[in-house]
Amino acid sequence: MTASTTAAPALRPNDFLNIDSLLSDEERLIRDTVRQFVAREVVPNVGEWFEEARIPRELANELGDLNVLGMHLTGYGCAGASATAYGLACMELEAGDSGVRSLVSVQGSLAMFAIWRWGSEEQKQEWLPRMAKGEAIGCFGLTEPDAGSDPGSMRTRARRDGDEWVLNGQKMWITNGSISDVAVVWAQTDEGVRGFLVPRGTPGFTAPEIHKKLSLRASVTSELVLDDVRLPDSARLPEANSLRGPLSCLNEARYGIVWGAAGAARACLEAAVEYSKTRIQFDKPIASFQIIQQRLAEMATKVNQATLLALHLGRLKDAGQLRNEHVSMGKLANVNAALEVARTARQVLGANGITLEYPVIRHMNNLESVVTYEGTADVHALVIGNALTGISAFR
Amino acid sequence: MKICVLVKEVPDAAVEKRIDPSTGRMDRSGEKNLNPYDTHAIEAAMQLKEGGALQVDEIVAVTMGPESAVRALHKAVSLGADRSIHLTDAALAGSDVAATGYALAKALEKEQPDVVLLGQQSDDGECYTIGAVVAEHLKAPSLTQVIKLDVVDGGLRCERQAEYGYDTVQVSLPAVISVGDAINEPRYPSLKAIMGAKKKPLETASAADAGIDASLVGGDGSRVQCGEFKAPPAKAAGTIIEDEDTDATVEQIVAWLDERKLI
Ligand SMILES: Cc1cc2nc3c(=O)[nH]c(=O)nc-3n(C[C@H](O)[C@H](O)[C@H](O)COP(=O)(O)OP(=O)(O)OC[C@H]3O[C@@H](n4cnc5c(N)ncnc54)[C@H](O)[C@@H]3O)c2cc1C
Ligand SMILES: Cc1cc2nc3c(=O)[nH]c(=O)nc-3n(C[C@H](O)[C@H](O)[C@H](O)COP(=O)(O)OP(=O)(O)OC[C@H]3O[C@@H](n4cnc5c(N)ncnc54)[C@H](O)[C@@H]3O)c2cc1C
């Protein structure tokens, strides 16, 4: 046995394993800043946004002032933060609501990243500084009514017509679509998959909002309809020439989800711990029943595991060692864990757990979108299975 | 002109404060943060700078404290200060309020600020006095508990929160002004500012560098000698009244107050 000279610090229920000690001062300050923003600007209002199925447009400007939008990109007004810092921000945003994190993911990791990685200098100059400030909103159109997990089967087509391109097709389930100033639209061409920047108001382009959602309600989800949309060749992302273009963006966003899911789970755990200590049944706080304690213990374990996994992927990414398959494992594990935590927390809250007065059912419902978008859990399991066996089971 | 903002590292508000039985002093271990009141002082400095009525060339954050206090300076700089000064020396440890105020005043003398801003109280010591002590040493007017600051006639018009109401005081510069948390809503530091904080100049000064007479600071130089510290008695559990029917709730509250002859 080895004797330790310094005493272990006191246990903190909201950071059981003292994962904080693995962060730098700067990372903590970034995390605390986003956490404070979420506590003040999101948490008190998001139940209402969810109920009314909206997200205020000004929130994007406020997030821009914080430099959260495209924070992991460099230049063009972006903060140039580390992947770990970006992850920490996603965790705090999603502890507020998956819809808010989605706004940031789609803006920064899908739309801005697509332009930053595959765009021309003119496209970057035109869009990135305004998008970083939240003055312009972007969306990312890959999924179609008949092409979800298999985006290679997309039907949206762009054909050359002299110096111009003509786009026809329909995109589905596009986050931020109706509020976007620019849509990154992926289309099949004779030369392979290409990306196009479609500004709001381009003739033939509309983005009707999708209603009747029971998940991610504090987020705008839309169709993109492209009916003989004419674009100059300068609207094409010149560096993207295959499906690798959109997939590279998705990988960025998924990485943020690995962290975000841990945040949503943490928020549910915190709500359940609080509730169980004050809710009296059978003359005692329900926290004094073993069944409840067992649930809390399992939830806390999942939250801490998820956070450690996210942090590990963050460190790998900052070291340039992160592979797509790692991100698949992170998304599969953390979103599934978060769903279990949310469902368990929901039960601990009894009937109160089904209302928007508490955050849990909102998170629970949101996570049903999170487990589906950016590659379903099944698809990520297949990616991992493929990596383990060398056998692709997709088709 | 130059504004100096005094800032302090304190235990984070979320950390439960307790007396360390081995030293008899407040246990200052654990999570620390920039004193929340000081964030209001920095914001006040930023608003003076951005307001444009005064030509503010520089905002300098100044702290006295151990090595870890650098983090409070980083935060102060991320909130807008242009550079920072860390007064740190083993000889300063254990200084009481008078000694701390003297030491800070010496550090400020070198800077010759036109305005010194600080939070009216620290989250740990809660003495409310550093501003007055610093002002005394700098021979500058002292205004405390200020909740409104306007530039009028080249000086500052301050609204003070007093026991009996509000004082409006016109002060010429230089002046030392401690602010309350009602003065403003501090901005969030942007991520760029947080990431840039380490790149802004930070000067470390010893007691000798600041021209401090070592016999006037530290535990020995302090005139306050602390005997025994005791934790306050635990508060009795309150009564929680569930608001099911507002009329009934009001009746219960009135009855409760009446019983205690409070109304
Ligand atoms: C709220 C929300 C926001 C979204 N935002 C965007 C956005 O901004 N941009 C965008 O482009 N898309 C977006 N999407 C779309 C999302 O990426 C797709 O829903 C996702 O890719 C799954 O596609 P699908 O819905 O067509 O499901 P399908 O692909 O039809 O899958 C249905 C089921 O079949 C399973 N399945 C499919 N293929 C296989 C296989 N080979 N083996 C085993 N099982 C399989 C899936 O796992 C799933 O369970 C969003 C979706 C939602 C819900
Ligand atoms: C939509 C809806 C409609 C309803 N309609 C009706 C209705 O028409 N009439 C009516 O009377 N009621 C109705 N209810 C109330 C419902 O019956 C209660 O929600 C249910 O009995 C649970 O009580 P609770 O919500 O107070 O949870 P609690 O009893 O506070 O339970 C909270 C958690 O603690 C656990 N727990 C409690 N006690 C123990 C213990 N001793 N040991 C271990 N775990 C424990 C529970 O399993 C749960 O996980 C309705 C509820 C809902 C959501």
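Colleague: What makes up residues 248-388 of chain A, helix or strand, and how far apart are the end C-alpha atoms?

Modeller: Over that stretch, chain A is 77% helix and 3% strand, with its end C-alpha atoms 22 Å apart. Helices are DSSP runs of H or I with at least four residues, strands are runs of E with at least two, and both are numbered from the N terminus. Do keep in mind that this is a predicted model, where local features need pLDDT of at least 70 and side-chain atom pairs pLDDT 80 or more, while totals for chains, interfaces and linings use all residues. Residues are numbered from 1 along each chain, with chains lettered from A and ligands numbered from 1 in the order written.

Colleague: How do the residues around ligand 2 divide by class?

Modeller: Eight are nonpolar, three polar and one charged. The shell includes R279(A), F282(A), I286(A) and G350(A). Ala, Val, Leu, Ile, Met, Phe, Trp, Tyr, Cys and Pro are nonpolar, and the others, Gly among them, are polar.

Colleague: What makes β4 and β5 of chain B a pair?

Modeller: DSSP must find at least two bridges between two strands. Strand β4 (residues 58-64) and strand β5 (residues 83-87) of chain B have five, in the parallel sense, so they qualify. M64(B), for example, has L87(B) in β5(B) as its bridge partner.

Colleague: Why is one side of β9 and of β11 in chain B left without a neighbour in the sheet?

Modeller: The sheet is open, with nine strands in the order β9-β8-β7-β10-β6-β1-β4-β5-β11 and mixed pairing. β9 (165-171) and β11 (202-205) of chain B stand at its edges with a single partner strand each, so one side of each has no neighbour there.

Colleague: How many residues does each chain bring to the contact?

Modeller: Chain B brings eleven residues and chain A brings 14. Two residues are in contact if their C-beta atoms, placed from the backbone, lie within 7 Å. On the side of chain B that touches chain A, α2 (70-78) and α5 (191-196) are the elements giving two or more residues.

Conventions
A residue is near a molecule or strand if its C-beta atom, placed from the backbone, lies within 6 Å of it.
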